[in-house]
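This report is meant for a reader who is meeting the structure for the first time. Please look through the sequence and the model before reading on.

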Amino acid sequence: MNTARCIQLMYKCTSYIPCRSMKIYTRTGDKGKTSTYTGQRLFKDDAIFNALGAVDTLSSHIGLSRVYCKQDVISQDLKSIQCNLQDIGSVIATPSTGATSQQLENVSFSSGHISSLEGKIDTYTSHLPPLTNFILPSGSECSAHLHVTRTFARAAERSIVPLLHHHGGDIDTVFKYLNRLSDYLFTAARYVSHEDGVPEEIYTRQTLDDS
């Protein structure tokens with residue numbers, strides 16, 4: 001679906017205003033361009049759409065991790081994070097150049113979400129043994145998926161860098177949130193593995209046998 005149309009419908013539809021169902025295909029992107037929320041037509045390899053794709057990939061991997069997660073508290077965290085990523089997509093799709101004050105207000109993203117992640121990191125860390133060595137991405141099934149998801153969070157964070165100096169809006173907050181999200185996912189991976197009774201595997205330098 002066209003990015004701009006999706007966001008427009010999202011903010012038009014409320015529990016008080018009935019809205020017709022979204023159409024999946026529009027054919028408006030068949031020539032290699034699509035629209036931002038502000039209506040600007042850009043090629044699909046623009047940094048904005050690269051970042052949108054990275055965030056979408058991240059959300060999909062979070063959804064996959066939820067399938068394997070046995071801890072309700074982590075599963076609820078992940079669901080909430082997916083909702084936040086949807087809002088982050090709206091920020092990315094709304095460059096301040098050409099945006100109205102109402103559009104920027106619609107897609108605002110609070111720094112309180114960062115504080116929330118930090119609080120969860122501190123809470124789960126308090127239930128874990130101190131981290132004194134590098135650990136290998138592994139553990140229980142959910143933990144392994146969360147470690148993979150963490151790498152996509154880092155990729156999404158990197159995709160925001162080209163937008164930092166000119167995009168405007170709450171893009172700085174989005175960047176910090178994604179940075180903190182990878183830390184949360186690392187901690188969550190450790191936590192679920194601990195809760196599942198699977199010990200962490202410690203990195204050891206491998207030496208060659210010269211004999």
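## Cysteines and disulfides

A disulfide is taken here to be a pair of cysteine sulfur atoms within 2.5 Å. The model discussed is a predicted one, and the structure holds 0 disulfides. For cysteine 69, the closest cysteine sulfur belongs to cysteine 142 and lies 3.8 Å away, which is too far for a bond because the two sulfur atoms would have to be within 2.5 Å.

## A nonpolar patch on the surface

Leu64, Val67 and Tyr68 form a nonpolar patch on the surface, and together these residues have about 260 Å² of accessible area. One of them, leucine 64, has its place in helix α2, which covers residues 47-68. Leucine 64 counts as partly exposed, since its relative accessibility is 36%.

## Glutamine 103

Helix α4, made up of residues 101-106, contains glutamine 103. Is this residue, glutamine 103, buried or exposed? Its relative accessible area is 15%, so glutamine 103 is buried, the limit for that term being under 20%.

Glutamine 103 can also be placed relative to valine 91, which is 12 residues apart from it along the chain, with a separation of 9.6 Å between the C-alpha atoms of the two residues.

Notes:
Residues numbered from 1 in each chain as written. Predicted model: local features only at pLDDT ≥ 70, side-chain atom pairs only at ≥ 80, totals over all residues. Heavy atoms only, no water. Helix = DSSP H or I, 4+ residues; strand = E, 2+ residues; numbered from the N terminus. Buried < 20%, exposed > 50% of the residue type's maximum accessible area, 1.4 Å probe, protein only. Patch = residues over 30% accessible without salt bridge, like charges linked within 9 Å, V, L, I, M, F, W, Y side chains within 5 Å. Areas by Shrake-Rupley, 256 points an atom, 1.4 Å probe, with all protein chains shown as cover. Salt bridge = Lys/Arg side-chain N within 4 Å of Asp/Glu carboxyl O.
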